[in-house]
Amino acid sequence: MNTAETTSATPPDVLDDMKAVADDLAAGRPVPPEVARRVRERSEKVQEQLLQQHGVRQIAVDLIRQGREE
């Protein structure tokens, strides 16, 4: 069987944290505080970037209002 190398846009440290979280959840163990902190910090950074790029979106509110009008 021929295996092809794949490249990922996801940095290795992020992949390591993803694997650690998945392994801990699958085993029923709590996620280590240091891993949870790193994940939370990256999440907050991405959230801030999206907020700066796109602003606050109220898509669900608009869809609910449209649904009530029909």
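Helices are DSSP runs of H or I with at least four residues, strands are runs of E with at least two, and both are numbered from the N terminus. All this comes from a predicted model, in which local features need pLDDT of at least 70, side-chain atom pairs count only at pLDDT 80 or more, and totals for chains, interfaces and linings use all residues. Residues are numbered from 1 along each chain as its sequence is written, and side-chain values use heavy atoms, with hydrogens and water left out.

Three residues of α1, Val-14, Asp-17 and Asp-24, are buried, meaning under 20% relative accessible area, with exposed being over 50% and partly exposed in between (1.4 Å probe, protein chains only). Looking down the axis of α1, the buried residues fall within an arc of 95°, so they line one face of the helix; the arc is taken from the directions from the helix axis to the C-beta atoms. Part of their cover comes from α2 (33-54), where contact means heavy atoms within 4.5 Å. Turned away from that buried side, the other face carries the exposed residues Pro-12, Asp-16, Met-18, Lys-19 and Ala-26. Just after α1 sits Gly-28, with a positive phi of about 75°.

As for the whole chain, there are three helices and zero strands, in the order α-α-α along the sequence. Buried residues account for 6% of the 70 residues.
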